[in-house]
Amino acid sequence: MILSRTFASIAIIAAAMTTVTACAATPAPAPATSTEQVKPAADVITMSDAWVKTADKGMTAAFGTLTNAGDADVTVVGATTAAATMSELHETVEDASGAMVMRPIEGGFVLPARSDFVLKPAGNHIMLMELTAPLHAGDEVPFTLEFADGSTLAFTAVVKDYSGANENYVGSGDE
Ligand SMILES: [Cu+2]
């Protein structure tokens, strides 16, 4: 009798504690002021393992892992580097004939909140066109990413030999 009553009391206390925890959690995310909401995207994004495929001239691509540590999605709208006259944000998709082709991604790279977004061969990448100089293995290439809110993130990518990432560029013909 005493034992079961004690057990019942514990159960009630446990239930009460759960309720208290739930109540305490609710008001925790205080209404963010507008200044807190406009925290620059660059403050919550990091780039790691960045690399560029070796190339003598023409086109190549940059890869790496973008981590969004923030609570909101962040959009990358552009990338620049002194290594290329022009750079674009590309995705790789299957065309009507089943071949994998790359093309500029509409709207940029959307980096999901609290997630990694991987740029990799045969996937999303930063396309470098009209290289300004040959890129040799071991070279370091500075980049700047631009986010939709106008903030920017600088990172350095190391040049590596890689045999893949030879997808055709949409519009470049069949050669
Ligand atoms: Cu590309």
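In which sense do E1 and E10 pair, and over how many bridges? Hold that thought while we walk through some close-ups of this predicted model.

**View 1. The whole chain, before zooming in.** The chain has two helices and eleven strands. Starting at the N terminus, the order is α-α-β-β-β-β-β-β-β-β-β-β-β. Out of the 175 residues, 21% are buried. If you look at contacts with a separation of 6 or more, 69% of them come from residues 24 or more positions apart.

**View 2. E1 beside E10.** Here's the answer to the opening question: E1 and E10 pair in the parallel sense, over three bridges. To find your way, look for lysine 53, which stands opposite lysine 160 in E10.

**View 3. E9 and E10, a hairpin.** E10 also pairs with E9, this time in the antiparallel sense and over seven bridges. Glutamate 140 stands opposite valine 158 in E10. The two strands form a hairpin with four residues between them, and glycine 150 in the turn has a positive phi of about 90°.

**View 4. Inside the largest nonpolar core.** This core holds 27 residues, and the ones touching the most other members are Ile45, Ala62, Ile126 and Val141. As background, nonpolar side chains tend to be buried together in soluble globular proteins. Let's pick out isoleucine 126: leaving aside residues up to four places away in sequence, isoleucine 126 touches Ala61, Ala62, Ala79, Ser87, Leu89 and Leu119.

**View 5. Leucine 135, a loop residue.** Leucine 135 sits in the loop between E8 and E9. Is leucine 135 buried or exposed? Leucine 135 counts as buried because 22 C-beta neighbours lie inside 10 Å, and the cut-off for buried is 20 or more. Not counting residues up to four places away in sequence, leucine 135 touches Val52, Thr54, Ala55, Thr60, Ala83, Val141 and Val159. Aspartate 161 is 26 residues away from leucine 135 along the chain, yet their C-alpha atoms are separated by 9.8 Å.

**View 6. Arginine 114 and its positive phi.** Most residues other than glycine have a negative phi. Arginine 114 is not a glycine, but its phi is positive, at about 55°. You'll find arginine 114 in the loop between strand E6 (109-111) and strand E7 (115-119). Arginine 114 counts as exposed because it has 12 C-beta neighbours inside 10 Å, and the cut-off for exposed is 12 or fewer.

**View 7. Glutamate 130, a positive phi in a strand.** Where does glutamate 130 lie? Glutamate 130 is in strand E8, which covers residues 125-131. Its phi is near 55°, a positive value in a residue other than glycine. With 12 C-beta neighbours inside 10 Å, glutamate 130 counts as exposed.

Note on methods: Residues are numbered from 1 along each chain as its sequence is written. This is a predicted model: local features need pLDDT of at least 70, side-chain atom pairs count only at pLDDT 80 or more; totals for chains, interfaces and linings use all residues. A nonpolar core is a set of buried Ala, Val, Leu, Ile, Met, Phe, Trp, Tyr and Cys residues joined through C-beta atoms within 7 Å. Two residues are in contact if their C-beta atoms, placed from the backbone, lie within 7 Å. Two strands pair if DSSP finds at least two bridges between them.
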